[in-house]
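I opened my notebook to look at one helix and a few charged pairs. Here is the structure I worked from.

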Amino acid sequence: MGHHPTMFQEFLVEAPCLHLSSTQVDLSSGISNGLSTKTSVIHFTNSLRRRRHVGLLSKKKRRHVGFGRNTFSLRCKAHQLGICVDKVNMGDQDEWSSDIYAMGVEKKSRVSRRKTYFSDYIRSSTLSLDMHFVDNDEESNNEILQRFCSNGKVTDASILINVMACLNQIPHFPSCINIIRALVKVAHIESASKILQIMVMSGGVPDIITYNILIGGLCKKGQLKYAVQVLDDMSSSGCPPDMITYNTILRAMFDNGRFDQAIGFWRDQLRKGCPPYVITFTILLELVCKRCGVVRAIEVLEDLAVEGCYPDRVTYNMLLNFTCRKKNFGDTAMVLCNQQSFGMEPDSVTYNTLLHSLCSSGYWDEVEQIFLLMNETSNPPTVITYNILINWLCKYGLLDRAIDFFEQMVCRDCPPNIITYNSLFHGLCKEEMTDEALEVLYLLEDTGFSPCLITYNIMIDGFSKEGCLEKAMGVYARMKESGINPDGITHRCLLSGFLREDLLEEAVEILKKMVKRNHMVRNTAYKSMLHGLCKNKKVDTAIEVLQLMHSGRGRHPKKVYSDIIKGIAATGMREEATKLRQKLIELKIILSNGFEQKASSALTRGCLSTRACRNFPSDIITYNSLLHGLCKEEMTDEALKVLYLLEDTGCSPSLITYAIVIDGFSKVGCMEKAMGVHGRMKVSGIMPDVVTHRCLLYGFLGEDLVEEAVEILKETVKRKHVIRNNDYRSMLHGLCKIKKVDNVIEVLRVMNSGGYWPREKVYFDIIKGMAAAGMREEAAELRQKLIALNVLKEETALD
């Protein structure tokens with residue numbers, strides 16, 4: 001039987017058995033630094049040993065490696081996407097022989113069985129090919145490969161692909177794609193790169209999603225040079241890059257401070273024939289604005305226009321919005337002048353953005369001029385324009401001018417929407433003109449224009465603040481009759497009004513509805529209600545409120561109950577406080593004679609003094625156990641005393657020690673003290689870990705301190721700590737609730753830099769929730785920014 005040199009046809013897969021003698025560098029990372037297209041000589045020493053095996057011949061045809069001992073040389077044309085793999089991880093090799101049969105791959109009998117030993121190189125390498133795979137033909141190995149993928153054995157599958165490459169077998173391409181994506185997901189970028197190169201050189205064409213995932217993984221690891229090389233090789237592999245590919249690399253360059261390199265990269269891509277994607281161009285200019293300033297962004301805009309990449313209105317609106325947010329109206333004027341130099345007139349979005357910024361700064365004369373200018377152009381004021389003006393005029397207390405604009409929009413056949421009416425209602429209630437607002441509400445219902453939940457909430461809040469609780473309850477009843485269910489804001493407005501007027505029985509009824517509907521009730525409301533009830537000697541009702549508090553939404557720390565009891569006792573109502581305390585003991589909320597009383601008594605007597613602590617063994621585990629017990633019983637102040645005493649004992653607090661105390665303060669809502677311990681921890685030279693940051697993050701989110709949570713999030717991502725997706729979503733909804741659109745964009749970028757890419761539905765739900773909550777202007781602004789960032793489609797509507 002003759003030799004079969006065709007088994008090693010022209011292909012370029014660097015494996016332990018193959019080495020290139022060309023000028024290429026060692027690319028064990030899985031990426032080529034540019035291979036020469038000249039022919040390279042592959043010296044391959046193949047030692048073959050013939051082995052007899054009794055059995056039936058396999059029905060499947062097998063490729064013959066050849067018999068006898070031969071040494072021969074093969075010439076191979078190097079591929080542009082060549083890659084050198086010096087080692088293949090075979091750590092899971094021992095599992096293969098057992099997995100072969102577990103997956104139903106039968107062991108085949110043959111008359112003669114071939115084994116190939118790559119003698120010289122194999123002896124110096126850590127690779128030992130499993131004989132089951134070496135003996136299998138291409139079809140059998142692909143069956144095994146697909147089963148590996150189905151069972152989630154990514155490492156085994158990647159090793160098998162490398163083995164198949166050594167045997168000149170073509171792997172199953174869909175399986176290769178799945179393996180590449182899975183490897184990137186677990187941050188095995190080098191292995192993913194190797195599999196991609198093997199796939200390309202075997203004739204496969206990876207899709208754009210796979211390429212973008214790999215490039216994103218390289219950028220995340222800071223391997224920008226290799227990411228650019230992969231991008232350059234994409235076209236030759238049959239899959240040209242798209243906007244997301246360029247956007248990913250540009251963002252990574254800016255994140256690494258390579259501003260000029262990013263600009264030069266995009267210029268080079270344009271010169272190579274890359275389509276002048278306007279969205280990519282807009283993103284580049286936005287990044288330049290943030291890092292280098294507006295002046296530099298205008299310079300880049302003009303330079304790239306020479307390369308055929310021209311801005312559009314979205315680009316200029318982004319620049320304008322950036323300058324308006326910074327309140328730098330000089331740069332705003334420069335952007336408008338540059339826009340006109342390109343023969344592009346401002347549109348309604350441009351004017352509305354400018355009006356929004358000027359109104360928020362109180363420049364009413366300039367607002368009037370721009371409004372008159374809009375009437376003279378082809379972009380007259382729209383309902384959004386009028387809503388911006390009316391909303392800000394009402395916020396500044398200029399109700400008369402707001403009503404004038406309302407009359408103008410009606411006369412100019414620009415029908416107002418519910419946002420317009422809500423702005424007017426808010427302005428009327430703010431000026432304590434609630435009766436006039438009620439008349440408008442009735443007129444609105446008669447015209448067939450249905451008020452929404454926010455409309456009724458504004459009215460109820462206005463009446464509650466004026467003390468007109470009967471009218472507030474009338475609007476509340478009218479609201480329910482119209483088929484609109486009250487929400488937590490509705491009930492909180494009524495509850496605050498009743499407590500303000502000392503109508504405690506009515507407040508209790510509202511509280512019952514809130515607990516029944518699982519609405520959030522603030523601790524201050526419970527505290528005010530219990531104080532008032534005890535003051536009026538209605539202890540039974542107070543006990544009922546305590547039970548509602550215990551069964552209601554949210555977990556109230558024991559410290560809250562203790563503070564309420566102490567506060568009632570401090571006002572002279574010790575008997576009532578005792579009864580409430582007894583009820584809390586019955587509900588097993590607080591302890592009677594347990595750890596709390598003993599530890600408190602010990603601390604009061606000074607048993608945990610500095611001198612006493614010195615007599616304890618210097619074991620930090622002992623102190624951590626004590627601190628954990630104190631924090632578990634919400635005796636955080638006592639835990640803090642122990643922490644301070646530790647520093648005098650010569651037993652330095654550890655990372656776990658600080659984390660226990662920070663977690664304790666975070667759970668009881670004492671975020672200032674938690675941040676104090678956090679600062680003390682860093683001063684002592686101990687860097688916070690993921691547990692510390694997560695405790696602070698949960699604490700800030702629990703207290704609705706969203707902006708502080710964002711700062712912790714930035715530090716967490718910067719240190720590459722893992723943040724759960726639910727934490728991101730809670731932060732986004734919290735920011736939308738307080739109308740911090742800029743911070744929403746900031747959090748979204750932090751999410752992306754942390755490797756979390758939400759689906760489009762997540763963005764859509766956020767915008768939809770903002771619009772439903774009456775923040776249509778903020779929702780529209782966020783929608784525009786997300787479209788510019790290419791994470792939301794243009795046709796996505798607010799309604």
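What covers the buried residues of H21? I looked up the contacts (heavy atoms within 4.5 Å). The cover includes helix H20 (418-430), H22 and helix H23 (469-481).

Some ground rules come next. I am reading a predicted model, where local features need pLDDT of at least 70, side-chain atom pairs count only at pLDDT 80 or more, and totals for chains, interfaces and linings use all residues. Residues are numbered from 1 along each chain as its sequence is written, and side-chain values use heavy atoms, with hydrogens and water left out.

**Helix H21**

I took helices as DSSP runs (H or I, at least four residues), numbered from the N terminus. H21 covers residues 434-446. I checked its span, expected to be 1.5 Å times one less than the number of residues. For 13 residues that should give 18 Å, and the end C-alpha atoms are 18 Å apart, which agrees.

Next I sorted residues by relative accessible area: buried is under 20%, exposed over 50%, partly exposed in between (1.4 Å probe, protein chains only). Thr434, Ala437, Leu438, Leu441 and Leu444 are buried in H21. Seen down the axis, the buried residues fall within an arc of 115° (taken from the directions from the helix axis to the C-beta atoms), so they line one face of H21. An α-helix has 3.6 residues a turn, so residues three or four places apart point the same way. On the face turned away from the buried side I found the exposed residues Glu439, Leu443 and Asp446. After H21 comes Gly448, with a positive phi near 85°.

**Salt bridges**

I then searched for salt bridges (a side-chain nitrogen of Lys or Arg within 4 Å of a carboxyl oxygen of Asp or Glu). The whole structure has 18.

I looked at Lys465 and Asp461, whose closest N and O atoms are 3.3 Å apart. Both lie in H22 (residues 453-466), four residues apart, about one turn of the helix. Lys465 is exposed at 60%, while Asp461 is partly exposed at 24%.

How far apart in sequence are the parts that Glu544 and Lys512 tie together? The salt bridge itself has its closest N and O atoms 3.0 Å apart. Glu544 lies in H27 (residues 539-551) and Lys512 in H25 (residues 504-516), so the pair ties together parts 32 residues apart in sequence.

Lys673 and Asp637 meet at 2.8 Å, N to O. Lys673 is in H35 and Asp637 in H33, so this pair ties together parts 36 residues apart in sequence. I also noted one network, in which salt bridges that share partners join Asp260, Arg296 and Glu299.

Terms used:
Helices (H or I, at least four residues) and strands (E, at least two) are DSSP runs, numbered from the N terminus.
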